[in-house]
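Dear colleague,

I am passing on the structure below, together with some notes on what turned up when I went through it. Please read them alongside the coordinates.

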Amino acid sequence: MAWLGRTSTEDQQDPSLSLPRQLRKSRQALPDGYMIVAHFYDVESGRKELGDRGRSRAHEQFDIAIPRDGGIQELLTEAARADRRFVAVICESIDRVARRTYFGTKIEYELEQEGVLLLAANEPIAPLSGGGQRSWMRAGPILTRRINQAIAEWYVVQMLELSWEGFCEHTKQGWNIGRPPYGYRAEKRPHPVPARRAEGKTKTRLITEPVKGLTVTTIFQLRALQRLGYDEIADRLNTDPTRYPPPEPVDPRRAVGRWTGSAVRGILINPKYTGYMVWNRRASKKGGRCNPPSEWVWSPHPTHEPLVTIELFGAASPLAKHRQGSRAGAGLNAHPQTKRSYRLRSYVICDICGRRMFGKTRRNIAYLACQPERQHHKGRTDWYSDHPKSIWVREELLLDAVRTFFAEGIFGPGGRRYLRIQHERSTEDRAHDAAADRRDQLARELAGLHRRQDNLIDQLENFDATGDVDADREYRQSIQYRFAELATARRTKQSQLDQINAYVPLASDDGDLLDHIPQLQCDLTELPEDLERKLYDAFQLKIRYNRASHEVVLQVAIGGRWKPSRDDPPLE
């Protein structure tokens with residue numbers, strides 16, 4: 001026979017104890033005349049995909065006093081050979097084969113197809129006939145095995161559910177899991193469970209590190225307000241490592257002593273900086289891949305000091321997708337065959353598919369193009385079947401439109417008109433939002449007053465006289481007085497609600513301040529490429545080109561908090 005053993009991941013069990021115990025129990029259950037001649041075992045989870053099983057080298061970390069002929073893959077390979085050394089396989093229990101019933105029965109079936117029996121020491125083993133035929137496979141053993149497999153899978157799933165719920169509650173209460181993110185440090189608290197507290201166990205909260213916390217805020221501002229890429233932000237921080245201390249990895253051997261683009265990205269995608277505790281951003285069992293935000297677990301309220309606002313985090317996070325594959329800065333890229341640069345690179349979006357258009361040159365004329373690869377979208381129902389094979393638009397035409405818009409609509413007289421329209425619209429929106437909130441509040445209060453008056457009427461209708469005339473009269477009068485108070489409150493609330501419904505918001509007088517915004521006369525055609533792109537980045541320029549209507553929509557954002565960096569030359 002061959003022996004098959006498995007123990008869970010090395011941080012859950014001690015393989016040097018578990019595997020010898022499994023082998024001993026398997027030997028004790030051997031039928032007469034049989035012996036173990038090969039040993040196959042793994043140190044890994046029994047819930048892994050079958051194709052991924054047996055690839056781990058975790059067993060090499062332990063001094064296991066059992067010769068190893070391989071793992072589950074080597075066992076299946078030898079079972080298919082004509083010169084195999086065994087006619088049957090025995091394990092301590094069927095859950096050592098796999099923790100998923102499907103994979104366990106699949107391995108059992110593959111062995112059976114090769115004439116190899118799969119036995120378990122904790123199941124009845126009937127006398128085996130010569131050659132290891134299936135005489136043992138009767139109805140009783142089959143039922144016992146399937147029940148054991150079902151119980152093993154149920155047990156793991158139940159433990160995972162309980163563990164998941166525990167982590168969710170842990171997160172909602174604001175306890176940190178894992179290493180504190182850059183900008184915070186862990187404040188250890190005694191464990192609430194006395195037994196674990198006696199063992200020295202603790203739980204941690206996040207508290208801010210002043211210097212590093214300010215660095216985090218600066219990173220988000222550089223990303224959201226100045227639209228800088230990861231590497232550009234890292235270069236800015238590396239100019240003053242004392243003011244912006246670089247992060248320190250868990251493994252000191254990986255420390256590079258400076259900021260990198262990947263370190264900046266890790267900060268920008270971490271929602272813990274908003275003050276909320278967040279868990280399950282990464283899948284620990286699938287190589288640490290990032291889970292979609294819909295699977296994240298958030299605390300219902302902020303649990304630690306925020307380093308950025310929700311709005312700033314949201315403004316910085318979407319930039320990665322918009323600029324994915326597009327380098328920051330101006331000039332030629334690093335490719336040796338590159339002959340020209342494109343001033344509007346990364347700003348132009350195809351209005352049909354939403355993809356960023358890229359620069360191409362034909363007959364020495366610069367274009368922005370959208371050419372999706374059809375083979376990349378086979379079988380996708382969300383792709384655009386009416387998308388042309390290629391869309392081209394001359395960069396010169398787009399540049400003329402953008403420069404004219406900035407000269408007239410941003411720095412010229414048109415800027416006041418755009419800002420006034422936006423100001424009046426936002427003023428009306430704010431007034432409308434405030435009125436809607438107050439209207440909802442008054443409606444809830446009116447409903448509550450109605451309910452309380454109805455309760456008083458019910459008390460009067462169901463009143464039973466006590467026989468004490470004075471007490472009964474006082475009781476009815478108190479209800480009458482209270483009913484009158486509620487009626488007065490109702491009329492007041494209803495009057496306030498009527499006033500809100502009849503109110504027409506007026507534009508704020510602050511709009512007159514727009515007349516004092518200075519106007520500039522400028523010609524962007526003379527601006528160097530690097531400064532022109534910095535200008536567009538500062539205003540968060542987006543250009544959407546519609547091929548069907550031959551229209552271009554320009555969108556800019558003017559933020560009061562933005563100011564040029566001290567490293568930027570002045571725009572004259």
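Which residues does M357 touch, not counting residues up to four places away in sequence? In this predicted model, M357 touches V348, I349, C350, L368, A369, C370, I391, V393 and Y545. M357 is also listed, with L344, V348, F406 and Y536, among the residues with the most contacts inside the largest nonpolar core, which has 27 residues. The elements that give two or more residues to this core include strand 9 (348-350), strand 11 (365-370), strand 12 (391-394) and helix 14 (529-538), while helix 11 gives the most, with 6 residues. A second, separate core of 24 residues includes F220, L268, L312 and A316.

Turning to the sheet, 3 strands form an open arrangement in the order 9-13-14, with mixed pairing, and the edge strands, each pairing on one side only, are strand 9 and strand 14 (551-555). The twist averages 25 degrees from one strand to the next. Strand 13 and strand 14 run antiparallel and are joined by 5 bridges, and R544 has V553 in strand 14 as its bridge partner. Helix 11 lies across strand 9, strand 13 and strand 14, running at about 40 degrees to strand 14.

Elsewhere, the axes of helix 6 (residues 210-224) and helix 8 (residues 261-268) come within 10 Å and cross at roughly 95 degrees, and the two helices are therefore roughly perpendicular to each other. V216, I219, F220 and R223 of helix 6 make the contact with V264, I267 and L268 of helix 8; these residues divide into 6 nonpolar, no polar and 1 charged.

With best wishes

Conventions:
Residues are numbered from 1 along each chain as its sequence is written. This is a predicted model: local features need pLDDT of at least 70, side-chain atom pairs count only at pLDDT 80 or more; totals for chains, interfaces and linings use all residues. Side-chain values use heavy atoms; hydrogens and water are left out. Axes are lines fitted to C-alpha atoms, for helices over the stretch in contact, and angles run from 0 to 180 degrees between N-to-C directions. Helices (H or I, at least four residues) and strands (E, at least two) are DSSP runs, numbered from the N terminus. Angles under 35 degrees count as roughly parallel, over 145 as roughly antiparallel, 65 to 115 as roughly perpendicular and the rest as oblique. Contact means heavy atoms within 4.5 Å. Ala, Val, Leu, Ile, Met, Phe, Trp, Tyr, Cys and Pro count as nonpolar, Asp, Glu, Lys and Arg as charged, and the others, Gly among them, as polar. A nonpolar core is a set of buried Ala, Val, Leu, Ile, Met, Phe, Trp, Tyr and Cys residues joined through side-chain atoms within 4.5 Å. Buried means under 20% relative accessible area, exposed over 50%, partly exposed in between (1.4 Å probe, protein chains only). Two strands pair if DSSP finds at least two bridges between them.
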